[in-house]
Amino acid sequence: MLYKTTIYCIFIKIILCTSLYSQQYKSTKHVNVEIYKDSVQNMKIITNNLPKEVELPLYIASTQFPELSGTKIEVKYANIKTTMACRPKSSSIFHSRNNRTYLLLLNNNKGKQKVTLFEELPIEEQIGILSHELSHICDYQNKSMLHIVFNGIGYFFHSYRRKFEHKVDMIAIGHGFGWQLYYLRDYLLNRSDIQPAYKNYIRNIYMIPETIKTKINLQY
Ligand SMILES: [Zn+2]
């Protein structure tokens, strides 16, 4: 019975995670942040080392990812090339999909390439970037350890990385965060003072604002 229930739960999670084009959630132009402030403690994702400034936007983003309820996320500051990144913790990669821990990495700008820090982003853009990272987890949850390793190798290749990141952006749009993703990319490309090389990287790898808008419009 327990075995059957576990299989059923995994099946439901896969269905929820892969229904990117089912448009369960319509993208809303603006999130009413105030209504979430008093219920942050209800966050269903289990976090470790979560900085205060990430708590509210992560909670808001997580409300539209019910399939990630019970997922463990550990937060770390790291010298990475982007504002934020997410991947399975290497020590948990051999665990079953439901028992993996994910690392949410935050840039601290101690590396050579300077980026916009998470705390410098406006709240809707913060929700946008977190919805993208939660979409990565959703994508990883559907994959075996071998598939994740294959992804890691593929990520070295530009065309593969672009396809991978566009797929993840579509998951975020499918979860109703199209506009927040749009604001994020628009902010990074048109309103931030990040280096031109990093802007080019964003344009080449991720969905640009115009494409995101087109995808949102297809939801209606
Ligand atoms: Zn990504």
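Analyst: Helices (H or I, at least four residues) and strands (E, at least two) are DSSP runs, numbered from the N terminus. This is a predicted model; local features need pLDDT of at least 70, side-chain atom pairs count only at pLDDT 80 or more, and totals for chains, interfaces and linings use all residues. Residues are numbered from 1 along each chain as its sequence is written.

The part to follow is helix 3, residues 123-141. Axes here are lines fitted to C-alpha atoms, for helices over the stretch in contact, and angles run from 0 to 180 degrees between N-to-C directions.

Strand 4 (residues 101-107) pairs with strand 2 (residues 72-78) in the parallel sense, over 7 bridges. Strands pair if DSSP finds at least two bridges between them. In this pair, Y77 stands opposite L106 of strand 4.

Now turn to helix 6. Helix 3 and helix 6 pack at about 105°, with axes 7 Å apart. They are therefore roughly perpendicular (angles of 65 to 115 degrees). Helix 3 brings E124, E125, I127, G128, I129, S131 and H132 to this contact. Helix 6 brings Q180, L181, Y183, L184 and Y187. Contact means C-beta atoms, placed from the backbone, within 7 Å. By class, there are 6 nonpolar, 4 polar and 2 charged residues.

Helix 6 (residues 178-191) also packs with helix 8 (residues 209-217), at about 170° and with axes 9 Å apart. That makes the two roughly antiparallel (over 145 degrees).

Finally, the core. The largest nonpolar core has 39 residues, and A61, L134, I137 and L181 touch the most other members. Such a core joins buried nonpolar residues through C-beta atoms within 7 Å; buried means 20 or more other C-beta atoms within 10 Å. Helix 3, helix 6, strand 3 and strand 4 are among the elements that give two or more residues to this core. Leaving aside neighbours within four places in sequence, A61 is in contact with I127, L130, S131, L134 and F177.

Technical notes. Angles under 35 degrees count as roughly parallel, over 145 as roughly antiparallel, 65 to 115 as roughly perpendicular and the rest as oblique. Two residues are in contact if their C-beta atoms, placed from the backbone, lie within 7 Å. Ala, Val, Leu, Ile, Met, Phe, Trp, Tyr, Cys and Pro count as nonpolar, Asp, Glu, Lys and Arg as charged, and the others, Gly among them, as polar. A residue is buried if 20 or more other C-beta atoms lie within 10 Å of its own, exposed if 12 or fewer, and partly exposed in between; C-beta atoms are placed from the backbone.
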